[in-house]
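Please read the sequence below alongside the model, and keep both open while going through the paragraphs that follow.

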Amino acid sequence: MTTPTHTSAPRVLGRVVDAETRCAHYHGPLDVVALQFKCCEEFYPCFACHEETAGHPTERWSAADGNRRAVLCGVCRTAMRIDDYLRAEACPSCSAPFNPGCRLHRHHYFDLTETS
């Protein structure tokens, strides 16, 4: 289980359209996750927002980074570990469901091809 991290919610960059981190690209009811990018350690709602505004290439998190709190629930602002997010269907803190279609885009954020 993820321990909530509410100290001060990180800023979310890009074309954010609401307080739950939906963006111009992904704004459905379940699009409530922002991800921190390894290259700049900034949170963006999606890879397209990063591509449009960051000004540098994306660097993905590796399997060794699984303990890193790099995923933000837009509903409750809990920062969760990458490993917890990759196994979750909903926020472990507030139970807000996540978009299952986001699994199709994991390769933009995570390089999980490494073996232990």
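Leaving aside its neighbours within four places in sequence, which residues is C23 in contact with? They are R15, V16, V17, P45, C46 and C49, where contact means heavy atoms within 4.5 Å. The model is a predicted one, in which local features need pLDDT of at least 70, side-chain atom pairs count only at pLDDT 80 or more, and totals for chains, interfaces and linings use all residues. Residues are numbered from 1 along each chain as its sequence is written, and side-chain values use heavy atoms, with hydrogens and water left out.

C23 itself is found in the segment before β1; helices (H or I, at least four residues) and strands (E, at least two) are DSSP runs, numbered from the N terminus. C23 counts as buried because its relative accessibility is 0%. The cut-offs are under 20% relative accessible area for buried, over 50% for exposed and in between for partly exposed, with a 1.4 Å probe and protein chains only. S62 is 39 residues from C23 along the chain, and 25 Å separates their C-alpha atoms.

Rings of Phe, Tyr and Trp (its six-membered ring) pair if their centres lie within 6.5 Å; planes under 30 degrees apart count as stacked, over 60 as edge-to-face and the rest as tilted. The ring centres of Y26 and F47 are 6.3 Å apart and the planes stand at 50°, so this pair is tilted. Y26 is partly exposed because its relative accessibility is 29%, whereas F47 has 14% and is therefore buried. F47 also pairs with Y109: the centres are 6.3 Å apart, but the planes are at 65°, so this pair is edge-to-face.

In total the structure holds seven aromatic pairs. Ring pairs join Y26, F37, Y44, F47, Y85, F98, Y109 and F110 into a cluster.

Several of these names return in the nonpolar core. In soluble globular proteins, nonpolar side chains tend to be buried together. A nonpolar core is a set of buried Ala, Val, Leu, Ile, Met, Phe, Trp, Tyr and Cys residues joined through side-chain atoms within 4.5 Å. The largest one here has 26 residues, and Y85, F98 and F110 have the most contacts inside it. At least two residues of this core come from each of β1 (33-36), α1 (47-53), β4 (69-73) and α2 (82-87). What does Y85 touch, not counting residues up to four places away in sequence? Its partners are V33, L35, V71, M80, F98, C102, R106 and F110.

A pocket is worked out on a 1 Å grid over the protein atoms alone: it is an open set of points where a 1.4 Å probe fits, with protein on both sides within 12 Å along at least five of seven lines, and lining residues have an atom within 4 Å of a point. About 200 Å³ of space lies in the largest pocket, a volume being the space filled by probe spheres set on the points, which are joined across faces, edges and corners. Its lining has 19 residues, and D31, V33, P45, C102 and Y109 lie nearest the centre.

The loops remain. E41, in the loop between β1 and β2 (43-44), has a positive phi of about 60° although it is not a glycine. E41 is partly exposed because its relative accessibility is 45%. R77, in the loop between β4 and β5 (79-81), is likewise not a glycine and has a positive phi of about 70°. Its relative accessible area is 26%, so R77 is partly exposed.

G74 is also placed in the loop between β4 and β5. At 4% relative accessibility, G74 is therefore buried. Apart from neighbours within four places in sequence, G74 is in contact with A19, E20, T21 and V32. A64, in the loop between β3 (61-62) and β4, is exposed because its relative accessible area is 69%.
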